[in-house]
Amino acid sequence: MIRLQKEQNTMAENVIIIGSGPAGHTAAIYAARAELKPLMFEGFMAGGVAAGGQLTTTTEIENFPGFPEPVSGPELMVKMRDQALKYGTRIKTETVTRTDLSGDVKKVWVDSEMYEAKAVIIATGATAKRLGIPGEDRYWQRGISACAVCDGALPIFRNKPLVVIGGGDTACEEAMYLSKFGDTVHMLVRRDELRASKAMQARVFANKKIKVWWNTNAVEAVGEQFLTGVKYKNNKTGDDGLITASGLFFAIGHTPNTGFLEGQLPTDETGYLMTRNNSTATDIPGVFACGDVKDKVFRQAVTAAGSGCMAALEAERWLGEQE
Ligand code: FAD
Ligand code: NDP
């Protein structure tokens, strides 16, 4: 009975935005300025991340346009949230648990509470995978990072030996990027081959600053106030030791936050939502996806914000066409 009462809803929203990183807030700003009165679910530690998204887990952002001086990640996200609110976005600090995107009116649940919308924008981001080795929590953001492009240029990493874990395209790209700033870049690969594309492998092998350690696992991060080294073990020979390093970068993949969709939208083989070319439109009319939940290549705040803008504009056009 209670559930039935809760499930009754008077009027469908124009657009519900799920997620509150740069993609969600940019979509909210555009949708609100278009007078769509968007309703945002910003999440409550959804995917292990606070409302505001991945940038709330980092310190200084140096590459978001408009901030010649570094801005802290949490501060940037508060500004985006304030801007979304200013133009009329309504924000609920709740995590969407389930959806039914099949009908003309889309349904979104927070536990037993149901909301309806004509259009839905999914901006739930992705969570970087972590290794879970001893020392990881202690040196997280004190030498350990999951984003070389974001953090690699920081002074603490310049001209210092660095370690990258992983053997995919991201690991190769990050090792290449770090080789511009670091001294030697040690790439720890758990198998005897890279998963990365041949083109990327060739670039890594040709780079004299990158040393690949095959069949090697990181087993512990060590340091004092900041990271100073990574203990490793060769999983074939059993050889172990310590690599002196000021930076440890995880590039072992991300998990897109799509569990609540229960497979209603197609994903690629690594779980990222798929959208049409040059568009944020998904296979379901009226459902749009933006930001890291659909982007495994760029994964930057500014690209997430850009696709949030696209999602709102496309949702607005789509709603107009329905009328
Ligand atoms: P996210 O930022 O991941 O936000 C998604 C939000 O949706 C989260 O708050 C999540 O809790 C919420 N959510 C998830 N599921 C649900 C649900 N079911 N219901 C409601 N809410 C939900 N990029 C840069 O450009 N510059 C940098 O310097 C930089 N530094 C970084 C440092 C770190 C440590 C990390 C991890 C990333 C960094 N990035 C940086 C990358 C950048 O943070 C991401 O590319 C960007 O945040 C992606 O934005 P998004 O909106 O797609 O998703
Ligand atoms: P991937 O899943 O492709 O690769 C992850 C890598 O991390 C693999 O080498 C994997 O090893 C390794 N790994 C996973 N878990 C562990 C662990 N616990 N310990 C040690 N190593 C581990 O992720 P990427 O982020 O590299 O790429 C994701 C997708 O994005 C891919 O499709 C990729 O092609 C694409 N991409 C494309 C780019 C481009 O075109 N420029 C740039 C970046 C990404 P193993 O191989 O043994 O499983």
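## Contacts of ligand 1

In this predicted model, a polar backbone atom of Ala46 is 2.9 Å from an oxygen atom of ligand 1. Ala23 likewise places a polar backbone atom 2.9 Å from an oxygen atom of ligand 1. For Ser20, the distance between a backbone N or O atom and an oxygen atom of ligand 1 is 3.5 Å. On its own, ligand 1 has 1000 Å² of accessible area, and the protein covers 97% of this.

## The shell around ligand 1

Ligand 1 is surrounded by 37 residues. Ala23 and Ala46, whose backbone contacts with ligand 1 are given above, are among the closest, together with Asn63, Asp292 and Ala301. Two of the helices, α2 (22-33) and α8 (301-322), each supply at least two residues of this shell.

By class, 17 residues of the shell around ligand 1 are nonpolar, 16 are polar and 4 are charged.

## Contacts of ligand 2

Which side chains and backbone atoms approach the oxygen atoms of ligand 2? A polar side-chain atom of Thr170 lies 2.6 Å from an oxygen atom of ligand 2. In the side chain of Arg191, an N or O atom is 2.7 Å from an oxygen atom of ligand 2. Gly167 takes part through its backbone, with a polar atom 2.9 Å from an oxygen atom of the ligand. Ligand 2 exposes 910 Å² when taken alone, of which the protein buries 76%.

## The shell around ligand 2

A total of 17 residues surround ligand 2. The closest include Gly167, Thr170 and Arg191, and also Asp169 and Arg195. Helix α6, which spans residues 169-179, gives the most to this shell, contributing 3 residues.

In composition, the shell around ligand 2 holds 7 charged, 5 polar and 5 nonpolar residues.

## The second largest pocket

How much space lies in the second largest pocket? The volume is about 340 Å³. Its lining consists of 19 residues, and those nearest the centre of the pocket are Thr275, Arg276, Ser279, Lys294 and Asp295. The lining divides into 7 nonpolar, 7 polar and 5 charged residues.

## Disulfide bonding

The structure holds 1 disulfide. This disulfide joins Cys147 to Cys150, with an S to S distance of 1.9 Å. Is the disulfide of Cys147 and Cys150 right-handed or left-handed? The torsion about its S-S bond is about 65°, and the disulfide is therefore right-handed.

Terms used
Residues are numbered from 1 along each chain as its sequence is written. Chains are lettered from A and ligands numbered from 1 in the order in which they are written. This is a predicted model: local features need pLDDT of at least 70, side-chain atom pairs count only at pLDDT 80 or more; totals for chains, interfaces and linings use all residues. Side-chain values use heavy atoms; hydrogens and water are left out. A residue is near a molecule or strand if one of its heavy atoms lies within 4 Å of it. A polar contact is a pair of N or O atoms within 3.5 Å; within protein, one must be able to donate a hydrogen and the other to accept it, and residues adjacent in sequence count only if both atoms are side-chain atoms. Accessible areas come from the Shrake-Rupley method with a 1.4 Å probe; for residues, only the protein chains shown count as cover. Helices (H or I, at least four residues) and strands (E, at least two) are DSSP runs, numbered from the N terminus. Ala, Val, Leu, Ile, Met, Phe, Trp, Tyr, Cys and Pro count as nonpolar, Asp, Glu, Lys and Arg as charged, and the others, Gly among them, as polar. On a 1 Å grid over the protein atoms alone, a cavity is a set of points where a 1.4 Å probe fits but cannot get out, and a pocket is an open set with protein on both sides within 12 Å along at least five of seven lines; lining residues have an atom within 4 Å of a point. Grid points are joined across faces, edges and corners, and a volume is the space filled by probe spheres set on the points. A disulfide is a pair of cysteine sulfur atoms within 2.5 Å.
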